[in-house]
Amino acid sequence: MTAITRGERAFFAIVALSALWIGSWCYVIPAYVQIGMPWNAPPLHARFLGAIYLSATTFCFCSAFARTHAQLRAVLPMIAIWTGVVLVVSFFYLTQADYLRVAVWIWLIAYLVYPLIALRLMWIHRTALDQAATYTLPGWAHGYLLAQGILLSAAAALLLLQPELMIRAWPWKLTQQLAQIYSGPILCYGVASLLISRGPSFAEARIALIGMFVFALAVLVASVIHRAVFARASLAATLWFAGFAAATAILGLMIARSWSRGPIPPRPDRLRTEPHPKP
């Protein structure tokens, strides 16, 4: 298996820094969301976007220090899907952008380059994902990740293709543009959940798990801060808070399990069987 190169580590670091720039403005000072984004957004939406980008900061930063390409099994598809879908959606709303702003051009260039690089790395290392840990995910983790992957992927598809339906179901006011922008990162979390649900270990899934945990926790905190925006006693609001609280707890447990496992013995199906010496 080839080592992760300096160029690959630099790519993850650059993506992490650009996501940190956007995420910091959106989440910490949502009134200045347009410093990092091409478009404006209300405070809760800004913090929701901030949670997404702080999540990307986390999993890209961790990827810059990964030891094996197996740890990047879900990360590269996450970057490719996220940035690729957002680029396509951005083309739908080009007339609403102010092209005199540098942030608009940085956004378009970055979202054109990032998915291409991620796809290229996926192709180069397509056969380098066999250096995995030896134990398998427990049934409860596999089941949860599978369910989360299906739910998020379906929600992303509806946000992109049927935004009017999701606008009616969303627990606070949502525009079509933001609905379709959200589809990219939500789809990336869905696909990542499906990929790591089939993986052999918590250790291999750790980077993606940490990224999704940061997203779930940050969204939960932002939702509590802006709880007045939610319709009281509505089913959508109840499911929203309960879902993100459960995701934060379960993903946190998985991350803790990934660090608590002891040394990993050689994989049985990878052991070489030596012929017995003749008497």
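Mentor: Let us begin with helix length. The expected span of a helix is 1.5 Å times one less than its number of residues. Please keep in mind that this model is predicted.

Trainee: What span should the 18 residues of helix α3 have, and how far apart are its end C-alpha atoms?

Mentor: Helix α3 covers residues 75–92 and should span 26 Å; its end C-alpha atoms lie 26 Å apart, which agrees.

Trainee: How is a pair of aromatic rings described?

Mentor: Such a pair is described by the distance of the centres and the angle of the planes. A search of the whole structure gives 27 aromatic pairs. One of them joins F230 and W240, which are tilted, with 6.4 Å centre to centre and 50° between the planes. F230 lies in the loop between α8 (202–225) and α9 (235–260), whereas W240 is in helix α9, so the pair ties together parts 10 residues apart in sequence. Both F230 and W240 are buried.

Trainee: Which helix gives the most to the lining of the largest pocket, and what classes of residue does the lining have?

Mentor: Helix α9 gives the most, with 8 residues. By class, the lining has 22 nonpolar, 2 polar and no charged residues.

Note on methods. Residues numbered from 1 in each chain as written. Predicted model: local features only at pLDDT ≥ 70, side-chain atom pairs only at ≥ 80, totals over all residues. Heavy atoms only, no water. Helix = DSSP H or I, 4+ residues; strand = E, 2+ residues; numbered from the N terminus. Phe/Tyr/Trp six-rings, centres within 6.5 Å; stacked < 30°, edge-to-face > 60°. Buried < 20%, exposed > 50% of the residue type's maximum accessible area, 1.4 Å probe, protein only. Nonpolar A, V, L, I, M, F, W, Y, C, P; charged D, E, K, R; others polar.
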